[in-house]
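This note is intended for a colleague who is meeting the structure for the first time. Please read the points below with the sequence and the model open side by side.

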Amino acid sequence: MLKSRFMMGLAAFVLLGSVLSTALSGEARAGLAGGSKFLGNIVANSVPSNFSTYWNQITPENSTKWGAVEGTRNSMNWSAADTAYNYARNNNMPFKFHTLVWGSQEPGWISGLSAAEQRAEVTQWIQAAGQRYGGAQFVDVVNEPLHAKPSYRNAIGGDGATGWDWVIWSFEQARQAFPNSKLLINEYGIISDPNAAANYVKIINLLKARGLIDGIGIQCHYFNMDTVSVSTMNSVLNTLAATGLPIYVSELDMTGDDSTQLARYQQKFPVLWEHSAVQGITLWGYIEGQTWQAGTQLITGSGTERPALQWLRQYLGGGGGNPGNPGGPGGGSDGAYADFETGTDGWSGGNIAGGPWSTTAWSAKGSRSLQVDMAMSNGSQHYMYKSGNFDFSGHSQLRATVKGASWGNYGSGLGVKLYVKYGDNYTWKDSGWRTISAGGTLDLNLDLSGVDKSNIKEYGVQFIDADNSSGQTSVYVDNVYLWN
Ligand SMILES: [Ca+2]
Ligand SMILES: [Ca+2]
């Protein structure tokens, strides 16, 4: 949609000679987010002084839109785009060019041209952008194909036999102009609407079949995010992930007074951030008075972090989780973190009758958990666990939530322990004996003091049948994470 802060460039310079093609490292080194996923933000005409404190990826807010660059035909104004691009390069941040073909913020003069002239102008625009910003990690090739088709689309293929020939043509041109960039499509109204997601996937699959697309952008603005449910979000993300392409959340914002915005971030940001297909999130502004929509800001006009940003800093600060939101991203691949939203997360079962499976039967976080079936008898022991070499350094507790199914005879209660095995001798430590009845749920905390945290060999949940138990049941584990 039209960005209200759109600034039409007035200065006109033709600067095609300055080719900035240095490839940037994809590794993020600034901002709140470490690890392999970026957390970025937009840049308008200048870069805020605290930008790199919070963010490690850049998308220009308006300055790489066609209407902003070429407001006067063949007079290209790249100055604000250069500012953003050079900052990204100098600070080793991925840069996204936004956007090549879009039905909003087009140059006003394009509609008056013949079809042949329109096609030549779009081609020239795409080539000029690629010549100047060929080092961009990402390019939004087509923006909002479902909502804002360009006025000139019939000049570049129209609907055609596929229904989306103009989109295919645009990606073909972009592939030539940006051979080293990841080509993305971008759209709003997706995260909150499974039907829209299915329509979006139809376009994506046309491009994927032709080798033209490298990732899926979903905007995730407040008018979708404020009210969407977590289950709808997960459903849409899984639909998009089934294409096999990575997902980029491209324009995230959420409104609300301090407590409302905080609750929305706590509930919904992790759903996006922790989905295995999501490789980066870009927020759409953060400073009060400089966002396109009032109420979305994360820093007030006086420079104070709003609660949602304070939480975000804590959530992303490593260490996994906090009192308001158990289950942060944890200590990375060497730590312990599992939510089983996309599979078994490498967990196994021991002395079980079936599984483990990622299931929607129950969850403590998100919409899925890990399930095993087991046959109960007189003191028998069963396990759900992950083995390998893990580093829990810097954390004081391992936590998880478990549940027993409502079927089977639990007798005097199913014993449950959260445990680790550590060191070369696989020394055992557990959370102590707790019991659940059929259908019961438990939050388990294992104190890691005294454990050689840098040398963890296995961790998991042990179940011990009561003497008077019998029959088959199912048990579930979810939201496994390291605390503090
Ligand atoms: Ca031109
Ligand atoms: Ca889960």
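Which domains does the domain assignment of the protein chain give? The assignment gives domain 1 (4-315) and domain 2 (348-483), the bounds being those of an automatic or database domain assignment.

1. Basis of the note. This is a predicted model, in which local features need pLDDT of at least 70 and side-chain atom pairs count only at pLDDT 80 or more, while totals for chains, interfaces and linings use all residues. Residues are numbered from 1 along each chain as its sequence is written, and chains are lettered from A and ligands numbered from 1 in the order in which they are written.

2. Domain separation. Between the C-alpha centres of domain 1 and domain 2 there is a distance of 42 Å.

3. Strand β8. Strand β8 covers residues 278-283; here strands (E, at least two residues) and helices (H or I, at least four) are DSSP runs, numbered from the N terminus. Because five of its six residues are buried, β8 is largely enclosed by the rest of the structure. A residue is called buried if 20 or more other C-beta atoms lie within 10 Å of its own, exposed if 12 or fewer do, and partly exposed in between, with C-beta atoms placed from the backbone.

4. Partners of β8. Strand β1 (residues 38-43) runs parallel to β8 and is joined to it by three bridges; two strands pair if DSSP finds at least two bridges between them. In this pairing Gly40 stands opposite Thr282. Strand β7 (residues 247-252) also pairs with β8 in the parallel sense, over four bridges, and Ile247 is set opposite Val278.

5. Packing of α4 and α5. How do the axes of helix α4 and helix α5 cross, and at roughly what angle? Helix α4 (residues 115-133) and helix α5 (residues 165-177) have axes that come within 8 Å and cross at roughly 35°. The axes are lines fitted to C-alpha atoms, for helices over the stretch in contact, and angles run from 0 to 180 degrees between N-to-C directions. The crossing is right-handed, a term used if the near helix is turned clockwise from the far one by less than a right angle, left-handed being the anticlockwise case.

6. Residues at the crossing. On the α4 side, Thr123, Ile126, Gln127, Ala129 and Gly130 meet Gln173, Ala174 and Ala177 of α5. Contact means that the C-beta atoms of two residues, placed from the backbone, lie within 7 Å. By class, the contact of α4 with α5 has four nonpolar, four polar and no charged residues. In this scheme Ala, Val, Leu, Ile, Met, Phe, Trp, Tyr, Cys and Pro count as nonpolar, Asp, Glu, Lys and Arg as charged, and the others, Gly among them, as polar.

7. Gln118. Leaving aside neighbours within four places in sequence, Gln118 is in contact with Ile110, Leu113, Tyr152 and Ala155. The C-alpha atoms of Gln118 and Tyr459 are separated by 62 Å, and the two residues are 341 apart along the chain.

8. Cis peptide bonds. The bond from His98 to Thr99 is cis, with omega near 15°, and Thr99 belongs to strand β3 (residues 96-102). The bond from Gly355 to Pro356 is likewise cis, with omega near 0°; Pro356 is in strand β11 (residues 354-359).

9. Positive phi values. Asp345 is a residue other than glycine with a positive phi, near 55°, and is located in the loop between β9 (337-338) and β10 (348-350). Asp345 counts as partly exposed because 16 other C-beta atoms lie within 10 Å. Asn351, in the loop between β10 and β11, also has a positive phi near 55°. With 12 other C-beta atoms within 10 Å, Asn351 is exposed.

10. The β15-β16 hairpin. Strands β15 (residues 414-422) and β16 (residues 427-430) run antiparallel and are joined by four bridges, with Val420 opposite Lys429. Four residues lie between the strands, and Gly423 takes a positive phi near 75°. Tyr426 is in the loop between β15 and β16 and counts as exposed because it has 11 C-beta neighbours inside 10 Å. Beyond neighbours within four places in sequence, Tyr426 is in contact with Lys421 and Lys457. Tyr426 and Lys457 are 31 residues apart along the chain, and their C-alpha atoms are separated by 6.6 Å.
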